[in-house]
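Reader: Hey, I've got a structure open and I'm a bit lost. Can you walk me through it?

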Amino acid sequence: MKARGDRLSAAGMLTELAAIGEDPQGGITRFLYDPAWRQAQQAVARMMREAGLAVSIDAVGNVYGKLEGTDREAPSIVTGSHIDTVKCGGRYDGALGIAAGIAALAKLKRSSGQPRRTLEVVSFCEEEGSRFPLAYWGSGNVTGCKLFDGSLDAVDAQGISLREAMAGAGYKPAAHRASRRTNIAAFVELHIEQGEVLEREQRQIGIVDAIYGQRRYFVDIAGRSGHAGTTPMPLRADALAAAANMIVWLRKAALEAGDGLVATVGKLEVSPGIPNVIPGNVRYSLDIRHRDEAVIEAFCAEAFQTFAAMAEKHRVTVQQTCWLSEPPSPPMDAGLKERLARICEASGYSHMPIGSGAGHDAGLFARTCRTAMIFVPSRDGISHSPLEYTAPEDIERGADVLTKLLYQLAYELAERV
Ligand code: GLV
Ligand code: MN
Ligand code: MN
């Protein structure tokens with residue numbers, strides 16, 4: 001009996017999920033619709049069933065566990081996060097919110113019986129944008145915040161389209177809009193902070209204010225490949241030399257901009273990629289974030305003007321393609337933040353308001369219903385890395401705050417939130 005209880009604790013479920021998708025290069029890789037992803041969603045469904053929840057899977061592969069309320073007409077109170085990871089990611093990003101959500105509903109069912117309002121926990125199929133050039137395939141479809149026009153033809157690094165990947169995992173590609181929900185009253189997500197603010201400030205719980213906006217681009221540079229020994233330096237059209245200048249400029253400009261603006265080049269593809277051939281083509285990724293959309297806009301405009309001038313000097317061409325433009329989220333719900341602060345105080349947990357530079361499913365829900373987000377500390381602020389770590393006591397505290405808020409919303413509140 002004890003073993004079963006441990007397995008259904010948030011920490012127990014996290015340990016089980018961490019074993020699915022172990023990457024030979026370290027950490028965890030679970031990409032949308034790949035075998036590890038399928039295995040993880042099946043494990044989540046089983047955990048939900050063991051927790052006594054009614055399981056359903058929607059048109060894109062989001063897995064729901066439901067604890068039906070006595071007021072069947074009232075829209076649901078939903079918690080959860082995403083099951084996918086970045087390449088060689090950590091064991092907490094996304095998985096924590098799912099495991100803690102299942103543990104919370106199991107505990108509430110055990111201790112308090114049937115809620116007044118229906119409670120649901122969801123394991124979203126995709127949030128990271130790691131496999132295809134799109135992100136929020138789970139919550140974007142559920143909230144209807146993203147239309148994903150043309151997205152089914154997007155291809156991954158192997159040239160497999162989203163349409164093919166969906167069909168391969170047993171889903172009907174054209175049916176993705178069927179996952180839309182209009183009966184959600186509130187969404188609450190527990191997540192690791194992924195930064196070092198809580199640790200530095202020595203606070204146990206972060207109550208999220210808002211989520212920063214972000215843009216992601218491909219930058220394509222076309223030059224001319226040629227012989228590394230015979231082509232004089234002034235006559236070269238070296239795409240990689242141009243890219244290197246742009247990347248150095250980006251770092252300097254972002255540092256000068258300050259005020260929380262971040263710019264990242266995380267992926268670089270060099271073609272033909274041969275030591276004795278001048279690089280003719282380069283594609284690199286660009287990720288820009290800030291809390292204010294206008295600042296992102298101005299930074300991108302200046303960057304692309306600078307790139308055009310640099311390209312001319314290097315006798316190459318440059319083109320930017322934006323594949324993700326996510327505005328900053330609306331502020332999280334003031335009433336829910338107030339409740340979270342009171343729960344922390346009553347529980348003796350130190351807390352603080354905090355912004356999020358990382359994108360989250362909660363950011364999309366904040367546009368459609370009352371939404372709150374709870375952060376717990378990440379050791380050394382490290383995330384999107386095999387080194388990601390959150391202490392068991394922090395997991396427990398976060399799960400406790402989540403459970404208490406869900407209790408208030410689903411069992412106590414007379415009015416419909
Ligand atoms: C998601 O983790 C992101 O990159 O914001
Ligand atoms: Mn996440
Ligand atoms: Mn992430």
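Reader: Which element gives the largest share of the lining of the largest pocket?
Author: That's E10, with 6 residues. Before we go on: this is a predicted model, where local features need pLDDT of at least 70 and side-chain atom pairs count only at pLDDT 80 or more, while totals for chains, interfaces and linings use all residues. Residues are numbered from 1 along each chain as its sequence is written, chains are lettered from A and ligands numbered from 1 in the order in which they are written, and side-chain values use heavy atoms, leaving out hydrogens and water.

Reader: Ok, and what's E10, plus what counts as a pocket?
Author: E10 is a strand, residues 281-290. Strands (E, at least two residues) and helices (H or I, at least four) are DSSP runs numbered from the N terminus. A pocket is an open set of points on a 1 Å grid over the protein atoms alone, with protein on both sides within 12 Å along at least five of seven lines; a cavity is a set where a 1.4 Å probe fits but cannot get out, and lining residues have an atom within 4 Å of a point.

Reader: How much space lies in the largest pocket?
Author: About 1,600 Å³. A volume here is the space filled by probe spheres set on the points, with grid points joined across faces, edges and corners.

Reader: And which residues lie nearest its centre?
Author: Glu128, Arg216, Asp287, Arg289 and His384, out of 50 lining residues. By class the lining has 18 nonpolar, 20 polar and 12 charged residues. Nonpolar means Ala, Val, Leu, Ile, Met, Phe, Trp, Tyr, Cys and Pro, charged means Asp, Glu, Lys and Arg, and the others, Gly among them, are polar.

Reader: Which domains does that lining draw on?
Author: Domain 1 (4-211 + 331-412) and domain 2 (213-326) each give at least three residues. The domain bounds come from an automatic or database domain assignment.

Reader: Now helices. At what angle do H8 and H9 pack?
Author: H8 (residues 239-257) and H9 (residues 293-313) pack at about 150 degrees, with axes 10 Å apart. That makes the two helices, H8 and H9, roughly antiparallel. Axes are lines fitted to C-alpha atoms, for helices over the stretch in contact, and angles run from 0 to 180 degrees between N-to-C directions. Under 35 degrees counts as roughly parallel, over 145 as roughly antiparallel, 65 to 115 as roughly perpendicular and the rest as oblique.

Reader: What about H4 and H12, at what angle do their axes cross?
Author: Roughly 55 degrees, and the axes of H4 (residues 95-112) and H12 (residues 392-412) come within 9 Å. So H4 and H12 are oblique to each other.

Reader: Last one: where's the cis peptide bond?
Author: It joins Ser271 and Pro272, with omega about 5 degrees. Pro272 sits in the loop between strand E9 (268-271) and E10. Cys88 is worth a look too, with a positive phi of about 55 degrees although it is not a glycine.
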